[in-house]
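Keep the viewer open as you read.

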Amino acid sequence: MEDRPPHEAELLARAKRGELDAYEEIVRLHQTIAFRTAWVITRSSADAEEATQDAFVKAHAALPRFRDGAPFRPWVLAIVANEARNRVRSAGRRAGLALRVAEERRPDDAVPSPEAALLDSERREQLLAAIERLPDGAREAIACRYLLELSEEETAAALDCPRGTVKSRLSRALERLRAELGEEVQA
Amino acid sequence: MTDLERQLTQLGRELDWPPTPDLAIPIRARVTPAPVARRRPAIFRRSFAIALAALLVLAGGVFAAVPGVRHSVLDFFGLRGATVERRDHLPPAPRPRPPAVGARTTLAHAREVLGFVPLVPAAAGPPDRVFVDGRVPGGRLSLEYRASRDLPEAKSTGLGLLVDEFRGDLNPEYAQKMAGQATRIEPFTLDGEHAIWVAGAPHFFFYRAPGNAFEERRLRIAQNVLLLEHGRLLVRLEGAFGRARAIEVARSLGAPASKRKK
């Protein structure tokens with residue numbers, strides 16, 4: 001257990017050969033980002049859990065078709081997002097984003113980048129409220145690309161659209177957000 | 001990156017996301033059997049059968065040329081998950097060595113990861129050590145019991161009792177035995193389930209992992225063994241005990257899930 005986790009490509013190769021330990025390891029590496037992505041789409045922990053489980057089970061069945069050397073995360077996130085969207089469609093309703101800032105966790109858990117100072121609480125509430133008011137598509141784009149820090153490729157996979165479309169959707173979403181915040185477009 | 005984008009990124013890091021449940025174990029339980037085994041069992045089984053047939057034809061040819069030596073396989077017994085062959089000629093005896101049992105774990109964890117509910121023989125009490133081998137479709141459980149007054153040590157395992165359980169329906173020919181003429185092979189029915197009692201002279205035993213051909217280095221000498229179909233499971237009990245004690249231990253596993261009505 002103290003060993004460093006093996007490289008993902010090696011884990012994938014082993015999982016392809018049918019080693020369940022390797023696949024379990026892969027799930028552990030990606031379950032948090034997968035679950036949060038599903039949650040951004042379903043906004044329900046139960047639905048997100050189900051969607052993520054089903055997605056990883058389907059991904060396992062599809063492993064023999066997974067191209068060696070390809071990045072696993074965007075691939076599995078596309079499956080997760082698809083499962084999540086199916087649940088949203090069948091549920092027919094969505095709760096609000098209902099995210100809160102983890103005040104008590106901030107000192108040791110948050111890892112602020114050196115260039116970005118921690119947000120003051122007023123700004124955080126403002127941003128969250130503005131995100132809540134966005135239309136679903138724009139909110140998902142913002143949540144995937146910035147809140148979850150997915151790459152453009154992963155965001156495209158999660159939103160089920162081409163990568164070029166992600167850029168334009170994001171730029172429109174940011175504009176809407178600025179409008180919601182009552183701010184001028186920045187350079 | 002604009003200020004707004006930076007602030008959004010920062011916001012994401014400070015958010016109280018709903019806690020991620022541990023999905024690895026339930027997912028693992030659902031993905032057994034492994035895709036390789038599920039996708040190609042028929043081919044592997046067939047290739048193994050062809051290889052075995054070729055070997056037997058070859059052996060038959062060799063033996064036919066030697067006066068007094070007849071067919072290699074004299075008898076064949078099959079359960080779902082296990083086969084026993086009686087041969088008049090066995091390969092050279094492998095050295096006794098401990099059984100390959102997989103990764104050590106707990107019963108609670110085994111319950112989570114196996115593709116079946118683990119059965120513990122009440123007559124033997126809680127096992128001393130629990131192992132799971134996840135390379136087998138559905139997983140294979142091994143329960144080890146140290147030797148005791150009730151369960152004398154078997155030379156083959158160094159244990160009082162070794163219980164192996166796996167999904168016989170998913171691994172039709174997983175446990176394989178080769179026995180010579182001095183070994184008793186008794187097929188019988190135990191509470192409506194097929195069983196085979198193999199005892200007397202030590203015999204050879206090996207598990208053939210899915211997708212793998214037979215390898216002689218996997219051969220192990222086994223002592224007295226009860227093989228039992230138990231619902232979807234194949235249960236294998238190995239020890240130095242007699243048939244009556246083996247049956248008593250097997251009965252204490254409880255009824256298969258399909259028959260549990262009362």
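A nonpolar core here is a set of buried Ala, Val, Leu, Ile, Met, Phe, Trp, Tyr and Cys residues joined through C-beta atoms within 7 Å. Keep in mind that this is a predicted model. With that in hand, look for the largest nonpolar core, which has 57 residues; the members that touch the most others are Ala38(A), Val80(A) and Ile142(A). Helix α2 (residues 20-42) of chain A gives this core its largest share, 12 residues. Both domain 1 (1-92) and domain 2 (113-181) of chain A supply at least three residues each.

Now zoom in on Val80(A). Leaving aside residues up to four places away in sequence, Val80(A) touches Ala34(A), Thr37(A), Ala38(A), Ala51(A), Thr52(A) and Ala55(A). Apart from this core there is another, of 51 residues, including Leu119(B), Leu162(B), Ile247(B) and Val249(B).

That brings us to chain B, which has 6 helices and 13 strands. Of its 262 residues, 41% are buried. Among contacts in chain B with a separation of 6 or more, 63% join residues 24 or more positions apart.

Back in chain A, how do two of the helices pack? Helix α7 (residues 136-147) of chain A meets helix α9 (residues 163-181) of chain A at an angle of about 105 degrees, and their axes are 9 Å apart. Because angles of 65 to 115 degrees count as roughly perpendicular, α7(A) is roughly perpendicular to α9(A). On the α7(A) side, the contact uses Gly137(A), Ala138(A), Ala141(A), Ile142(A) and Arg145(A), while α9(A) brings residues including Leu170(A), Ala173(A) and Leu177(A). By type, the contact residues comprise 6 nonpolar, 1 polar and 4 charged.

Conventions: Residues are numbered from 1 along each chain as its sequence is written. Chains are lettered from A and ligands numbered from 1 in the order in which they are written. This is a predicted model: local features need pLDDT of at least 70, side-chain atom pairs count only at pLDDT 80 or more; totals for chains, interfaces and linings use all residues. Axes are lines fitted to C-alpha atoms, for helices over the stretch in contact, and angles run from 0 to 180 degrees between N-to-C directions. Helices (H or I, at least four residues) and strands (E, at least two) are DSSP runs, numbered from the N terminus. Angles under 35 degrees count as roughly parallel, over 145 as roughly antiparallel, 65 to 115 as roughly perpendicular and the rest as oblique. Two residues are in contact if their C-beta atoms, placed from the backbone, lie within 7 Å. Ala, Val, Leu, Ile, Met, Phe, Trp, Tyr, Cys and Pro count as nonpolar, Asp, Glu, Lys and Arg as charged, and the others, Gly among them, as polar. A residue is buried if 20 or more other C-beta atoms lie within 10 Å of its own, exposed if 12 or fewer, and partly exposed in between; C-beta atoms are placed from the backbone. Domain bounds come from an automatic or database domain assignment.
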